[in-house]
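Please look at the model first.

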Amino acid sequence: MTTVDEAGSAVPLPDGWHLTLEEGRTPILHLPGPGPLPGQEVRALVDRHGAVLVRGLGLASPGDLAAAAEELGVTGMVEREGFTSRQAYPDGVYSASEWADEDQLCMHHELSYAAVVPSIALFGCLVAPERGGTTTVADGERVLDLLPDALVARFERDGWELTRTYYEFGLTWAEAFGTDDRARVEEYCSSHSLDCTWTEDGGLRTRQRRPALLRHPVTGRRVWFNQAAFLHESALDPLIREYLESLYGPEGLPFRTAYGNGDPISTDVVDAINAAYQNACWREPWQAGDLLVLDNLRMAHGRDPYEGAREVLALFGAPIRVTPAAATP
């Protein structure tokens with residue numbers, strides 16, 4: 001079978017497959033029924049569109065997601081530097097981020113603050129919620145086009161900086177780095193371009209500078225790739241932020257972002273970034289058994305609030321190393 005994409009190009013598909021391409025919706029690849037996943041064809045569609053929701057595969061367990069990853073040629077990564085708790089399963093499969101049902105999970109590229117980042121993200125839906133809970137996606141190329149030129153130029157020149165403080169709020173440093181051995185944490189930080197400092201109360205503070213834009217290794221085009229807005233201190237609940245600042249001061253917040261030269265990022269800039277993500281957003285409600293395959297370098301993802309039970313699994317793989325951003329004087 002052959003379908004036609006939005007550029008008018010013919011895309012060959014196996015018999016019984018059908019690709020739905022509609023504005024505002026994540027591309028949907030309909031399969032005739034459960035069975036082996038032809039990984040090469042799916043990867044080709046992801047290279048073309050950035051994201052594909054595979055429907056009809058019938059995922060029903062963490063092992064099914066691991067098997068789909070293997071068919072796609074993706075080996076799951078062990079998560080380090082995480083922000084929320086996840087349940088770990090064999091073969092690099094994790095539960096989705098623990099995030100309040102009623103809250104919006106804003107757009108982000110998985111681990112875009114890290115030195116080694118997954119280029120492919122897989123999400124498998126075992127239980128679809130009664131209402132909402134869509135895993136939203138947005139094209140980093142489109143976001144770049146929607147942002148003001150001056151804002152893009154500033155981030156392209158300076159990059160961005162993330163400061164994290166690990167203590168009893170959120171994940172501890174031992175949970176985030178997978179060890180309670182300080183020497184191993186320091187070794188990890190050294191090899192992953194993180195400055196780290198131990199605090200007097202036994203906590204840990206890290207600082208890392210990263211590029212805010214990437215040149216995509218496959219397409220060669222620039223993409224917006226950072227979490228400068230998602231991890232900005234303004235994302236914290238105002239009451240929680242005020243309480244934490246009263247205890248630890250502004251430097252003690254669990255996360256803060258800045259331009260790569262240390263200058264603060266204004267909330268106007270954060271609002272502009274989030275608005276661009278929303279204008280570039282695609283949505284497709286989950287159905288049980290669905291598989292979402294994302295080019296993590298190109299596509300950001302988030303999650304809508306939801307009602308009812310929801311069980312979505314994640315696997316991140318095909319890692320690449322990102323060159324640290326140099327701070328400008």
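## Cysteines, a helix and salt bridges

The structure holds 0 disulfides, a disulfide being a pair of cysteine sulfur atoms within 2.5 Å. Cys-196 has its closest cysteine sulfur in Cys-189, at 4.0 Å, which is too far for a bond. For Cys-281 the nearest cysteine sulfur, that of Cys-106, is 11 Å away.

This is a predicted model: local features need pLDDT of at least 70, side-chain atom pairs count only at pLDDT 80 or more, and totals for chains, interfaces and linings use all residues. Residues are numbered from 1 along each chain as its sequence is written, and side-chain values use heavy atoms, with hydrogens and water left out.

Helix α2 spans residues 62–71. Helices (H or I, at least four residues) and strands (E, at least two) are DSSP runs, numbered from the N terminus. Buried in α2 are Leu-65, Ala-66, Ala-68 and Ala-69. Buried means under 20% relative accessible area, exposed over 50%, partly exposed in between (1.4 Å probe, protein chains only). Just after α2, Gly-73 takes a positive phi of about 75°.

There are 18 salt bridges, each a side-chain nitrogen of Lys or Arg within 4 Å of a carboxyl oxygen of Asp or Glu.

| Pair | Closest N to O |
|---|---|
| Arg-86 and Glu-110 | 3.1 Å |
| Arg-157 and Asp-158 | 2.9 Å |

Both Arg-86 and Glu-110 are buried. Arg-157 is exposed at 54%, whereas Asp-158 is buried at 0%. Glu-22, Arg-25, Arg-55, Glu-284 and Asp-290 are linked in a salt-bridge network.
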